[in-house]
Amino acid sequence: MNDEAFLDIAGVSAGYGRTPVLKGLDLSIRKGEFVALLGSSGCGKTTLLRAIAGFVQPSGGAISVAGRNVTNLPPDKRGMALVFQSYALWPHMTVAQNIGYGLKLQRKPRGEIAGRVDEMEALLGLSGLGARKPGELSGGQRQRVALGRALAIDPQILLLDEPLSNLDARIRLQVRHEIRSLQQRLGITAVHVTHDREEAMVMADRIVIMNAGRIAQQGTPEEVYNRPASSFVAAFMGAENRLVLTGHAEASRFGILEGSDNAGCLVPLDGRPLASGSVEARFRAEAVELLPAKSRENPSEAVLELAGRVVTVSYPGGLWRHAIKVGTAEILVDAPRAFSPGEAVKVRIPHQVLFLFNSREASPPPKPVSRSGVESRFLEVSEA
Amino acid sequence: MTALTHSAPSRLRFDLWWLPRGILLGLLAFAIFGPLANLLLWAVTERWYFPHTLPLEYGFSFWARVFSPRGNAMESLTNSVIVAILAVAVSLALAIPAGYALARLKLPLRGLILLVFMIPQAFPNLPVYVNVARLFYEIGLNGTIAGVVLVHVTHGLVFAVWIATAAFAAIDVELEQAARSIGAGPLQTFRDVTLPLAMPGLMASAIFVFLESLDEFTGSYFVGAPDVNMLPLLLYNAGAGGNYQVASITALLLLIPSVGFMLVVERFLKADVLSRVGR
């Protein structure tokens, strides 16, 4: 893996003043890979991107591109291009001048620049807008000009600093796919910073989840979604329902003890390093089954069953969302039909979607910011 | 119904507000344009004395006197314009790097330095320029164009730096970083991005220095006269001698470079400002 690393970040630390932001971070990215740095604000993802771009000088560690150490090179000598969240288009230049500026710096002949600018405009759907000033464009068009300006110079690495966060929700969904397909077509190595989980999931080959200046977990979208390595990652990836249970580890299975509100069950460990004692259980609202309490149907062994009472019901679209009181905790559960408030219910959580963790996070996981309405469920569960 | 009765007195009050405003505006207009009208009248007057409201005789004989070879008007005008242009060039050459450096400093420190720059302005001009003249005399700068330019630069520089700092501070650092990230060196970035964007502000500071230089009297008098004669000196001599016609004509002459310079600068300003407004 390390042999084919194209962009290699080794033990990079950085900070502003005396506040450390990155703490000895290692990351290696292959050529042509699309990597999303995902995390809540203040986790260091933008600082990492700016350190790669050359705008933040690391206090330790090294950054190298294709085996060449670029740690002490100025931004203009790194062969990268950064797309800013604010787009940072030059208001005194036209669209064509903005896109062609990087080529002008390379002293390309005038005709070649014009050809390349036309090509970029056609690629990004900006044809006919070349003579306009950025002030005369819509947000989506500006975003594409910013992208075109970065792509025009054929950068070795494309750096994207939340380039979609200033766009309308509908345009954002479209531009996501545009950027992704463009990146695949051109075979560019890209590093994308975002706090939007869904955006990272649909765009990236690999997601790097950051927390407090370190990498919390990295892997393909499926891996981080289905096998979160920590309670923080699980919560960040949408498994915000949280319960505290007790259990004991056996050879290949983990036995959850019967509690006041849950039945006992045995779940396969699947190689998870779980120790006996108190565990934190996390699961997603849409991944579980909701049944009436009097249902006689017996659960299979590897399913955790909770007993609770419906508190509120709402309809966000598609499924009914229920807030359910389980002991002192409150969880959110989706069901295809509505249960009435006050009704006693059973919640069944299959072992595949039940995430168990031994260690409690030092800091409570922050709420992820998600733009899509379906995903925006925030639940603070207080437990004894 | 009740709403109507409530609104009537308030609308009346609103209408009455125009009265003091109108009077105030009228007074202001008189304060600005009254002296100008008087100046214009004096410039074309042959004879005008006390009890008469308007001149008794109109004519251009004083214009001929001002522009006669002995009148020094053209020489003074040329001197004034040359000095003003040089003062603008020197001030901008100093204010651009200083303003840029200050603009990229952290805010409290920037404010402090700008304030320190103001301190020389707190002293009365006269003793300062008398001393400057003595110093210049010793090093041979007294009575030279360069000496007068230096005096005018020290006078206008503080404000030029202030305005330039504001202009540079208004430019988002990310606009510069965007250029750096696609391959522009620091100087190229400054030339292609920072400078064009700061241009309206720099032009404003150029106008300021130019007008200040044209108008400046004390320094010109102590450092320049009698070898380098400037237009304000001519004006002063004519005014002090009671020759209002010559003074008025000189004042009008003084207007020519000011208005001309402002027109030129405004042409540059417009294109840039418009492109910014649309942002």
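How many helices and strands does chain A have? Chain A has 8 helices and 20 strands, where helices (H or I, at least four residues) and strands (E, at least two) are DSSP runs numbered from the N terminus.

Hi everyone, two housekeeping sentences before the tour. This is a predicted model, in which local features need pLDDT of at least 70 and side-chain atom pairs count only at pLDDT 80 or more, while totals for chains, interfaces and linings use all residues. Residues are numbered from 1 along each chain as its sequence is written, chains are lettered from A and ligands numbered from 1 in the order in which they are written, and side-chain values use heavy atoms, with hydrogens and water left out.

Let's start with chain A as a whole. Its C-alpha atoms fill a box of roughly 80 × 40 × 35 Å along the principal axes. Of its 384 residues, 52% count as buried; buried means under 20% relative accessible area, exposed means over 50%, and partly exposed is in between, with a 1.4 Å probe and protein chains only. Now the contacts, meaning heavy atoms within 4.5 Å. Among the contacts in chain A with a separation of 6 or more, 68% are between residues 24 or more positions apart.

Next, the salt bridges. The term means a side-chain nitrogen of Lys or Arg within 4 Å of a carboxyl oxygen of Asp or Glu. Over all chains, the search finds 17 of them. One of these joins Lys45(A) and Glu162(A), with the closest N and O atoms 3.8 Å apart. That pair links distant parts of the chain: Lys45(A) is in helix H1 (residues 45–53), and Glu162(A) is in the loop between strand S7 (157–161) and helix H5 (169–186), 117 residues apart. Both Lys45(A) and Glu162(A) are buried.

Another salt bridge brings together the side chains of Arg348(A) and Glu305(A), at 2.7 Å from N to O. Here Arg348(A) sits in strand S19 (residues 344–350) and Glu305(A) in strand S16 (residues 303–317), 43 residues apart. Arg348(A) is buried, because its relative accessible area is 4%, and Glu305(A) is buried at 14%.

Then there is Asp334(A) with Arg321(A), whose closest N and O atoms are 3.0 Å apart. Asp334(A) lies in strand S18 (residues 329–335) and Arg321(A) in strand S17 (residues 319–326), so this pair ties together parts that are 13 residues apart in sequence. Asp334(A) is buried at 7% relative accessible area, and Arg321(A) is buried at 8%. Salt bridges with shared partners also join Arg30(A), Glu33(A) and Arg206(A) into one network.

A word on the backbone. Most residues other than glycine have a negative phi. Ala88(A), though, has a positive phi, near 50 degrees. This alanine lies in the loop between strand S6 (80–83) and helix H2 (95–105) of chain A, and it is buried, with a relative accessible area of 4%. Ala212(A) also has a positive phi, of about 50 degrees. Ala212(A) is in the loop between strand S9 (206–211) and strand S10 (214–219) of chain A, and it is partly exposed at 42%.

For those of you thinking about cysteines: a disulfide here is a pair of cysteine sulfur atoms within 2.5 Å, and the count over all chains is 0. Cys43(A) is buried at 3% relative accessibility, and Cys265(A) is buried at 7%.

Now, where do the two chains meet? The contact takes 24 residues from chain A and 22 residues from chain B. Together the chains bury about 2000 Å², 61% of it on carbon and sulfur atoms; buried area is the accessible area (1.4 Å probe) that two parts lose on being put together, summed over both. Glu174(B), Ser181(B) and Ile182(B) supply 30% of the area that chain B buries against chain A, more than any other three residues.

Between chain B and chain A there are 2 salt bridges. One of them pairs Arg50(A) with Glu174(B), at 2.9 Å from N to O. On the side of chain B that touches chain A, the elements giving two or more residues are helices H8 (173–181), H9 (186–215) and H12 (244–277) of chain B. H8(B) gives the most, with 7 residues.

Finally, Arg180(B) is found in that helix H8. Arg180(B) counts as buried because its relative accessibility is 18%. Leaving aside neighbours within four places in sequence, its contacts include Phe55(A), Pro74(A), Pro75(A) and Asp76(A), along with Gly185(B), Pro186(B) and Thr189(B).
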